[in-house]
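Please have the model open as you read.

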Amino acid sequence: MKKTKNDFLIMFSFGFLLMALVYFDVINSLKYYLSDYNGHTYVYLPHFFSKEYFWEGWKAVPYCMWHFTALFFYKILRIPLEVSAAYSACVYALFSYLVFYWILQKIALHREIDDGCVKLSLLSFCLCIVQPLSFYWVDVYSFSMNPLYNPTYMCVRGFSLLCFCLAYDILCYQKNPEHKGIFFKVENGLKKHYVYLAVLLFLSVLAKPTFAEMFIPAAAFFMLTEWMMRIGRKDGSAGTYFKHCLNMLLCAVPALAYAFVQFFAYFLLGGSYGQGGSLIITGFLEVWKIHADNVALSLLLSLLFPLFMILADPRYFTESEEGKLSIFCFGIGFLEAAFLGESGQKLADCDFVWPMMSAMLILFLLSTVRLNVLENSQNRSKWHNLAYACGWFLFAAHAFSGVLYFINSITAEY
Amino acid sequence: MKKKYMPYILALLAFLAFLFIPFHRADILFRIWVTGMDEELMPEEFVLYYATETSGFSQEQTIHGDYDKAHDRVTFRINAALADQITLLRIDFPNETQVLNIYNVTSSSGGVIKRQYNPCNFFSEENITAQSGLYALDLVPRFAHAYIGTTGDDPYVVLSDGLSRNIVGCSDRFLLIKILISAYLGLCSWLYEKSFRENEK
């Protein structure tokens with residue numbers, strides 16, 4: 001499936017559209033003094049301008065990849081500060097879009113699906129903007145799988161998807177050495193892939209540690225479950241698999257080390273906006289209930305499409321490796337959101353809901369991929385068509401909410 | 001024959017049980033969407049006094065509402081059990097000389113907005129039985145905004161009996177969400193049976 005000149009044109013047209021939307025969104029939200037972009041651009045970023053305040057800035061945002069990118073545009077290329085912030089957001093939005101496109105393309109190739117460039121571009125674009133459904137009569141806050149208002153989450157999004165794909169190929173190869181790899185060629189061994197995973201995880205922590213906070217424990221539980229099952233089977237494979245577990249743990253060490261340094265800087269050295277907050281274990285859903293009186297409704301509005309796929313096709317999510325890994329990711333993310341919080345004034349900031357939001361994006365990705373694969377399978381009875389139509393309708397509803405988000409955000413007057 | 005229908009009968013029973021098992025009643029969130037004409041003057045807190053059949057307004061019967069700057073709104077959480085006893089409500093504005101621009105008033109429960117009031121109707125003469133400390137109460141029906149000029153002399157408005165009961169009389173038992181979840185589960189299971197069951201992994 002070679003790309004023609006037109007394919008590139010279509011692919012980058014959607015990418016350009018996404019960048020344009022993000023650009024105007026950021027420029028407008030910078031005017032609002034309570035927006036995340038405003039805080040990161042006018043409060044944190046200036047700390048990195050001089051050596052004198054650099055340490056203070058790093059303590060407040062040790063996950064500073066987005067800030068350094070904005071700094072590159074501002075200090076090296078001499079572009080105005082607001083435009084630098086918008087450009088760096090555009091860079092990471094395009095990066096995520098290309099990663100989505102690459103994932104969908106790799107799966108299409110693997111499943112021998114003849115998806116055109118337009119469909120892949122459109123799906124990637126939609127995955128970049130999907131939002132929880134919103135209705136004027138609903139009075140609950142729904143957490144988004146694409147919090148476009150947050151620069152650091154937008155920065156980690158592409159890395160998180162790459163980590164998931166690489167981990168999937170590694171885990172599949174560890175289970176079955178005949179697995180050649182869908183995203184990465186793992187047929188010649190895993191050594192360099194372990195290094196790739198370590199680097200990608202570290203980069204994700206440098207962008208925002210929230211993905212690693214969810215993914216490392218999820219992968220660990222996933223592997224431990226498999227190891228226990230092998231011990232139960234008594235076929236002698238548990239020992240070999242345990243070595244794989246140790247290798248994966250080593251991959252996580254750099255990311256974990258930097259995450260602990262961040263944690264230390266943020267909570268113990270006073271980086272937490274100087275408010276002296278600390279990590280606390282809360283009552284079940286205590287933080288969530290600050291923003292949503294009805295958590296079930298909040299969750300349903302966020303995950304209507306993935307829940308449809310999980311309930312309508314449960315075997316995929318309980319038997320396939322990627323499906324199981326995504327469920328583990330969401331389970332860990334949900335538990336962190338349900339039981340963790342920051343003490344004091346920052347409890348309402350929901351800083352431990354971010355990991356769940358990353359897991360929600362993975363569920364969205366896999367649900368889309370699964371629906372696309374099923375639609376291209378041989379089963380095309382009227383019931384199948386109805387099921388596919390329902391799935392795409394829900395997906396489109398989430399994407400439409402994303403379009404509405406941009407319209408509201410870009411046209412908002414502050 | 002019996003075996004064939006058993007899963008459906010069990011599913012129906014589970015659905016009915018889920019629907020009719022009473023959940024606790026959700027609290028009422030009474031929200032006033034308001035901006036100050038001068039942002040610097042907007043203080044943090046509003047107070048809602050309530051009277052019951054046995055006692056009038058008093059310092060012991062208050063609900064404090066925090067002003068949420070991000071959403072321009074004040075939220076009062078009224079306990080569901082308390083709501084049955086409330087007969088009258090009094091909204092106390094901050095002790096500041098300022099003009100408040102109220103552009104929406106809602107009463108929601110269980111995550112669903114049950115009542116939405118046009119500020120011009122909400123603060124109309126028939127809905128306000130008493131007021132104090134206000135130097136202006138201008139209603140602009142064209143834009144559905146109410147402008148309230150408050151002084152530093154304990155400004156408040158007392159809502160009428162009917163409006164007060166209307167605000168607090170919408171406590172939800174999560175029936176809508178239960179029906180939605182059941183319908184959603186039913187649709188997904190049905191599609192699974194009809195189409196996805198025989199799919200390959």
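Helix axes here are lines fitted to C-alpha atoms over the stretch in contact, and angles run from 0 to 180 degrees between N-to-C directions. Helices are DSSP runs (H or I, at least four residues), numbered from the N terminus. This is a predicted model, in which local features need pLDDT of at least 70 and side-chain atom pairs count only at pLDDT 80 or more, while totals for chains, interfaces and linings use all residues; side-chain values use heavy atoms, with hydrogens and water left out. Residues are numbered from 1 along each chain as its sequence is written, and chains are lettered from A in the order in which they are written.

**A helix pair**

Let us begin with helix α8 (residues 191-207) of chain A, which packs against α9(A) at an angle of about 140 degrees, the axes lying 7 Å apart. The two helices α8(A) and α9(A) are therefore oblique to each other; angles under 35 degrees count as roughly parallel, over 145 as roughly antiparallel, 65 to 115 as roughly perpendicular and the rest as oblique. From α8(A), the contact (heavy atoms within 4.5 Å) is made by A:Leu201, A:Ser204 and A:Val205, and from α9(A) by A:Phe211, A:Ala212, A:Phe215 and A:Ile216. By class, the residues in this contact are six nonpolar, one polar and no charged; Ala, Val, Leu, Ile, Met, Phe, Trp, Tyr, Cys and Pro count as nonpolar, Asp, Glu, Lys and Arg as charged, and the others, Gly among them, as polar.

**Salt bridges**

Side chains of opposite charge can pair when their charged atoms come close. Over all chains, the structure holds 18 salt bridges, each being a side-chain nitrogen of Lys or Arg within 4 Å of a carboxyl oxygen of Asp or Glu.

Which parts of the chain does the pair A:Lys175 and A:Glu226 link? A:Lys175 is in helix α7 (residues 151-175) of chain A and A:Glu226 in helix α9 (residues 210-233) of chain A, 51 residues apart. A:Lys175 is partly exposed at 29% relative accessible area, whereas A:Glu226 is buried at 7%; buried means under 20%, exposed over 50% and partly exposed in between, with a 1.4 Å probe and protein chains only. Both residues also belong to a network of salt bridges with A:Arg230, A:Glu321 and A:Lys324.

A:Arg315 and A:Glu319 are four residues apart in helix α14 (residues 314-319) of chain A, so about one helical turn separates them.
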